[in-house]
Amino acid sequence: MFDRFEALPADALLGLIVAYRDDPNPQKVDLGVGVYRDEEGNTPIMSAIQKAAAKHLETEDSKTYIGPVGVAGFVDGIKSLVFGNGSPIVADNRIAAIQTPGGCGALRVGSELLNRDAQDLTVWVSDPTWANHEPLIGSAGLKIQSYPYFDKATGGVKFEQMDEQLAKLGPNDVVLLHGCCHNPTGADLSFEQWQQITARAEKQGFIPFVDIAYQGLGDGLEEDVKGFRYLAERVPELVLATSCSKNFGLYRERTGGLMVQTANATQATAIQTQIQDVARANYSMSPAYGGYLVEAVLQDDSLRQEWMTELDAMATRVKSLREGLVEKLAQRGVSKDFSFIREQKGMFSFLGISKEQVHELKDKYSIYMADSSRINVAGLSTSCLDYVADALTAVIDG
Ligand SMILES: Cc1ncc(COP(=O)(O)O)c(C=O)c1O
């Protein structure tokens, strides 16, 4: 039977990884893959995580199943990290939650939960959105549409157009929002815009589905979820997918959480059984290891402090690379205004150059990025900023 299957086209980003690996140019720069990198181009294990792992090795005494919720201390820790310490929504038991295999697992289980609703929901995603949103949500069976979001002219958000679209939605619509550090554009909603979206959600009755994969990598752990918290405190229901891949550096441990906020504790109890049932039908239960590490970091004051300091340093590095690139490009008098890169948040930015220019950067200068011209800012280093600014200026101004 397998002769009836065709090979799928290669994933563009994976192709870029191979091409970069095989490129002999010592000045090559990888701005393609979306992982945090330090000045030397490594994706380090955070020291707080290393310490938590050593402690865990000494204390773990069984490898038996941990149950459908995952590591309970992890789930509680993530709830307060996102909703805030002492959040009344948490205290009132209005949240159903499970640990998931990464943020992807949370997005998928959340989507399958929504697809169990008889109302035939439509999920609205930003234009553009992270490339994996559509496969994760669509393969759960939900319909997908997009709302206007990124403004190519300013590098910011087309908020008026976005709001016009949201004003047409109702209770059978779900609106997927990036909690912070929008991937792929870096263009985030301001706090005032979160307030307006909250008012829209209250008026129209659509369900927010918030994806928080970069908490702490924008303006700080608290600041990055300020808009989300404002929304959560006012709407009765929402779905939240969180990831520990980036802010705890646990990419390969597949550590995330799905949280479903309901109107009351009775509904949360029912939804808890539903999300556990979705997980059971997919992968039974989440891998535990990453959950134990995050739990250990969040519960121990000194590890937590160490982790926060490290995370802050990562965010500061990305910000200074943003500043540096904008400054170097301005010094060269490049004809395109790149100052928007400074305003954007998190690891990604769209350069807004053509596919031909992206290819020229790769072919002539060994600078690798997605065809959309999305760059991973953390892939830059202070030592390559001049080289990248020279190459960009040459490609743009000839
Ligand atoms: C916007 C967004 N959501 C979710 C994820 C999920 O990541 P993971 O499944 O690795 O935790 C990512 C990872 O790149 C992302 O960029």
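Arg 108 and Glu 112 sit four residues apart in helix α5 (residues 102–115), so about one helical turn separates them. Helices here are DSSP runs of H or I with at least four residues, strands are runs of E with at least two, and both are numbered from the N terminus. The side chains of Arg 108 and Glu 112 meet in a salt bridge, at 2.9 Å from N to O. A salt bridge is a side-chain nitrogen of Lys or Arg within 4 Å of a carboxyl oxygen of Asp or Glu. Arg 108 is partly exposed, at 25% relative accessible area. Glu 112 is buried, at 18%. Buried means under 20% relative accessible area, exposed means over 50%, and partly exposed lies in between (1.4 Å probe, protein chains only).

This is a predicted model: local features need pLDDT of at least 70, side-chain atom pairs count only at pLDDT 80 or more, and totals for chains, interfaces and linings use all residues. Residues are numbered from 1 along each chain as its sequence is written, and side-chain values use heavy atoms, leaving out hydrogens and water.

Now the other charged pairs. Side chains of opposite charge can pair when their charged atoms come close. A search of the whole structure finds 21 salt bridges. One of them joins Lys 364 to Glu 360, at 3.2 Å from N to O. These two are also four residues apart, in helix α14 (residues 355–365), so about one helical turn lies between them. Lys 364 is exposed, with 55% relative accessible area, while Glu 360 is partly exposed at 27%.

Asp 120 and Lys 143 form a salt bridge too, with their closest N and O atoms 3.6 Å apart. This pair links distant parts of the chain, 23 residues apart: Asp 120 is in the loop between α5 and β3 (122–127), and Lys 143 is in strand β4 (residues 143–148). Asp 120 is exposed at 53% relative accessible area; Lys 143 is partly exposed at 40%. Elsewhere, Lys 328, Arg 332, Asp 386 and Asp 390 are linked in a network of salt bridges.

Next, the domains. The chain is assigned domain 1 (2–45 + 303–397) and domain 2 (65–299). These bounds come from an automatic or database domain assignment. The C-alpha centres of the two domains lie 26 Å apart. Across the boundary, 21 residues of domain 1 are in contact with 27 residues of domain 2. Contact means heavy atoms within 4.5 Å.

The largest nonpolar core has 97 residues, and Met 162, Phe 248 and Trp 307 have the most contacts inside it. Helix α12 (residues 301–331) gives the largest share, nine residues. Domain 1 and domain 2 each supply at least three residues to this core. A nonpolar core is a set of buried Ala, Val, Leu, Ile, Met, Phe, Trp, Tyr and Cys residues joined through side-chain atoms within 4.5 Å. Leaving aside residues up to four places away in sequence, Trp 307 touches Met 46, Ala 48, Leu 81, Leu 221, Asn 247, Phe 248, Val 297 and Leu 298. A second, separate core of 24 residues includes Leu 113, Val 125, Leu 142 and Val 278.

Last, Thr 269. Its place is in helix α10 (residues 265–282). Thr 269 is exposed, at 53% relative accessible area. Thr 269 and Ala 97 are 172 residues apart in sequence, but 9.9 Å apart in space, C-alpha to C-alpha.
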